[in-house]
Amino acid sequence: MATTVTDANLTVTITDSVTLNGQSYGNTNTLTVASIDEVYNRVVEVPISAFTAIVQLGTTGQGSITAANAKYIRITNLDDTNYVNLKVFGTDAMVVKLEAGKSFILGGVSFDAIASADIAQGAVSHNAAFVISAEATVAACDVEVFVASV
């Protein structure tokens, strides 16, 4: 059976806007990612006091997102009050505090999480992220996960 899915462009638009003392500040930036043929999108309830995998990047297979093919990842905290901790890890790991209503965006899966002293020595080497997990700290929170891949 041949596929009937046609590759499409993903368009991401970010607009910042604030007016202070009558003066407008901000900008609109648009990114287009070509040849997207797979989308993973769901809302996940994140429990308290334990990191729970919300995105797993593997090689191939049903239900798996191929790490090398992930071109855009967005995680949005849908809670209106509480934050969640996001842990992005593969060879290295980093943890990001995602406040209520805010989004965390990765343009792919390459990142580095090393000590600042190592960065000063120029020892940055990008490693692929394979799992993103989340942990709520006060009360369970819903997060939206969106991944587009080629």
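Two strands are taken to pair if DSSP finds at least two bridges between them. Strands themselves are DSSP runs (E, at least two residues), numbered from the N terminus. The model is predicted: local features need pLDDT of at least 70, side-chain atom pairs count only at pLDDT 80 or more, and totals for chains, interfaces and linings use all residues. Residues are numbered from 1 along each chain as its sequence is written, and side-chain values use heavy atoms, with hydrogens and water left out.

By the pairing criterion, β7 and strand β8 (residues 93-98) are antiparallel partners, joined over six bridges. The two strands form a hairpin, with two residues between them. Within this pairing, Leu86 stands opposite Val96 of β8. Val95 also belongs to β8. Val95 is exposed, at a relative accessible area of 52%. The cut-offs are under 20% for buried and over 50% for exposed, with partly exposed in between (1.4 Å probe, protein chains only). Contact is defined as heavy atoms within 4.5 Å. Neighbours within four places in sequence aside, Val95 contacts Asn85, Leu86 and Lys87. Its C-alpha atom is separated by 9.2 Å from that of Ala134, 39 residues apart along the chain.

Nonpolar cores were considered next. Such a core is a set of buried Ala, Val, Leu, Ile, Met, Phe, Trp, Tyr and Cys residues joined through side-chain atoms within 4.5 Å. In soluble globular proteins, nonpolar side chains tend to be buried together. The largest nonpolar core here has 24 residues, and Ile54 and Ile73 touch the most other members. Two or more residues each come from β3 (38-46), β4 (52-58), β6 (70-77), β7 (84-90), β9 (103-106), β11 (127-136) and β12 (141-149). β12 gives the largest share, four residues. Another core, of seven residues, lies apart from the largest one; Val12, Val33, Ile36 and Ala148 are among its members.

Aromatic pairing was examined across the whole structure. Rings of Phe, Tyr and Trp (its six-membered ring) pair if their centres lie within 6.5 Å; planes under 30 degrees apart count as stacked, over 60 as edge-to-face and the rest as tilted. The search finds one aromatic pair. Tyr72 and Phe146 form it edge-to-face, at 6.1 Å centre to centre and 70 degrees between the planes. Tyr72 lies in strand β6 and Phe146 in strand β12, so the pair ties together parts 74 residues apart in sequence. Both residues are buried.

Two salt bridges are present in the structure. The criterion is a side-chain nitrogen of Lys or Arg within 4 Å of a carboxyl oxygen of Asp or Glu. One joins the side chains of Arg74 and Glu144 (3.2 Å, N to O). Arg74 lies in strand β6 and Glu144 in strand β12, so this pair links parts that are 70 residues apart in sequence. Arg74 counts as buried, at 18% relative accessibility. Beyond its neighbours within four places in sequence, Arg74 is in contact with Ser103, Phe104, Ile105, Glu144, Val145 and Phe146. The other salt bridge links Glu99 and Lys97, with the closest N and O atoms 3.6 Å apart. Glu99 is partly exposed, at 32% relative accessibility. Lys97 is partly exposed as well, with a relative accessible area of 48%.
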